[in-house]
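Hello,

Here is the structure we talked about handing over. Please open it first, then read the notes below.

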Amino acid sequence: MSQVEFEMACASLKQLKGPVSDQEKLLVYSFYKQATQGDCNIPVPPATDVRAKAKWEAWNVNKGMSKMDAMRIYIAKVEELKKNEAG
């Protein structure tokens with residue numbers, strides 16, 4: 001597991017052509033943010049900003065997870081999405 005594998009997974013994600021559910025997008029986003037920035041460090045957006053609030057909540061769920069664990073899970077999730085698209 002390395003930074004290079006993580007960066008390759010980031011690039012692969014951008015090349016997916018099939019539809020990815022909003023839930024899967026949030027999940028991938030949350031692990032990306034945890035892997036690159038660590039624990040959520042921004043204030044909670046207002047409830048009226050539904051999209052920002054959903055992203056904040058998804059990222060905040062991973063609080064305390066190490067960057068390495070987040071990278072590992074991110075890579076696995078991207079691989080799963082690639083398999084689903086190919087299948």
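Q34 counts as buried because its relative accessibility is 0%, under the 20% cut-off. Keep in mind that this is a predicted model.

Q34 sits in helix 2, residues 22-37. Its side chain makes a polar contact of 2.9 Å with the side chain of D39. Beyond its neighbours within four places in sequence, Q34 is in contact with D39, C40, W59, N62, K63, G64, M65, K67 and A70.

Now the pockets. The largest has a volume of about 270 Å³. Its lining is C10, L13, K14, L16, V20, E24, K25, V28, Y29, Y32 and Y74. Helix 2 gives the largest share, five residues. By class, the lining of the largest pocket has eight nonpolar residues, three charged and no polar.

The second largest pocket holds about 230 Å³ of space. D22, K25, L26, Y29, R51, A54 and K55 line that pocket. Here helix 2 and helix 3 (50-60) each contribute at least two residues. The largest share again comes from helix 2, with four residues. This lining divides into four charged, three nonpolar and no polar residues.

Best wishes

Key. Residues are numbered from 1 along each chain as its sequence is written. This is a predicted model: local features need pLDDT of at least 70, side-chain atom pairs count only at pLDDT 80 or more; totals for chains, interfaces and linings use all residues. Side-chain values use heavy atoms; hydrogens and water are left out. Buried means under 20% relative accessible area, exposed over 50%, partly exposed in between (1.4 Å probe, protein chains only). A polar contact is a pair of N or O atoms within 3.5 Å; within protein, one must be able to donate a hydrogen and the other to accept it, and residues adjacent in sequence count only if both atoms are side-chain atoms. Contact means heavy atoms within 4.5 Å. On a 1 Å grid over the protein atoms alone, a cavity is a set of points where a 1.4 Å probe fits but cannot get out, and a pocket is an open set with protein on both sides within 12 Å along at least five of seven lines; lining residues have an atom within 4 Å of a point. Grid points are joined across faces, edges and corners, and a volume is the space filled by probe spheres set on the points. Ala, Val, Leu, Ile, Met, Phe, Trp, Tyr, Cys and Pro count as nonpolar, Asp, Glu, Lys and Arg as charged, and the others, Gly among them, as polar.
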